[in-house]
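The sequence and structure come next.

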Amino acid sequence: MCRHRDTGATAPTETKADRYDSWVKSRAFIRRGGITKIAVPLLIFLTLAAWAFASPVGASPDDDFHLSSIWCGLGERSSLCEDSGDPETRLVPAPLTTATCFAFDPAQSGACWDPDENAQGLVESVRVNTGPLYPPVFYAAMSVFASTDVQASVMAMRAANAALAVGLLTTLFWVLPRTARTALVVSALASAVPLGLFLIPSTNPSSWALISAITVWLGLWGATKTGGRRQLALCGLALIGGVMGA
């Protein structure tokens, strides 16, 4: 018969002292604002995302122009943006040109737009950034998310802009000297309510303009109040904001 050999090892058990230490550490994490540091950016992102999902495609100003320009932001691509034979126009998915069917009509809901309408075909868009009338960086960046599924693409673009705003402003908040953080919170809230909450998570270039305005002036102002690595980081954030705004 085989006999079990007792090695004398026993499984470690959690004592009252261990539980107390865990409780103390969790309380210290809360006191240091650990939960707030995570929760506040997450809640801001959820707020922006809620506006993005609540607004139908084509809801931001001049979206027929901006959407066509985004789909052509990386040049001609099969089924997304093709040559029309006219240097002033492009062939784009049909839903892009009909997404503003409810614009300027308060009695018409966004239900008038059919994302599947002529989904397999391209139509000529005369409102597209071929000039270019706008700097092309925003359109090129958003064009990464463009696909034949217009609705899903627009939602991805809106979420990306919401995440970009939260990421930059959260980083700026923690890099700024403590005395300058109030200015960031006040200016961000003042410029966000109500229109900013709608434009930041949108496909309108004004999204980047709003993010840029806050980032540039506070980054440079904060840089004058500190030095060393913190100053370099603030200058870097201001530079990023400047490129986005330009």
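In the class counts below, Ala, Val, Leu, Ile, Met, Phe, Trp, Tyr, Cys and Pro count as nonpolar, Asp, Glu, Lys and Arg as charged, and the others, Gly among them, as polar. The model is predicted.

**Pocket and cavity**

The largest pocket holds about 650 Å³ of space. Its lining takes two or more residues from each of helix H2 (34-54), H6, H7 and H9, and H2 gives the most, with 7 residues. In total 26 residues line the largest pocket, and Val40, Ile44, Leu169, Val185 and Ala188 lie nearest its centre.

The structure also holds 1 cavity of 30 Å³ or more. Residues lining the largest cavity include Trp51, Ala52, Asp63, Arg158 and Phe198.

| Space | Volume | Lining by class |
|---|---|---|
| Largest pocket | about 650 Å³ | 20 nonpolar, 4 polar, 2 charged residues |
| Largest cavity | about 40 Å³ | 5 nonpolar, 3 polar, 2 charged residues |

**Helix H9**

Helix H9 covers residues 206-223, and its end C-alpha atoms are 25 Å apart; this agrees with the 26 Å that its 18 residues should span at 1.5 Å a residue.

Which residues of H9 are buried? They are Ser207, Trp208, Ile211, Ser212, Ile214, Thr215, Leu218, Gly219, Gly222 and Ala223. An α-helix has 3.6 residues a turn, so residues three or four places apart point the same way. The cover over the buried residues of H9 includes helix H5 (137-143), helix H6 (150-175), helix H7 (178-192), helix H8 (195-199) and helix H10 (228-245).

Terms used: Residues numbered from 1 in each chain as written. Predicted model: local features only at pLDDT ≥ 70, side-chain atom pairs only at ≥ 80, totals over all residues. Heavy atoms only, no water. 1 Å grid on protein atoms, 1.4 Å probe; cavity = no way out; pocket = protein on both sides within 12 Å on 5 of 7 lines; lining within 4 Å. Points joined across faces, edges and corners; volume = space filled by probe spheres on them. Helix = DSSP H or I, 4+ residues; strand = E, 2+ residues; numbered from the N terminus. Expected span 1.5 Å × (residues − 1). Buried < 20%, exposed > 50% of the residue type's maximum accessible area, 1.4 Å probe, protein only. Contact = heavy atoms within 4.5 Å.
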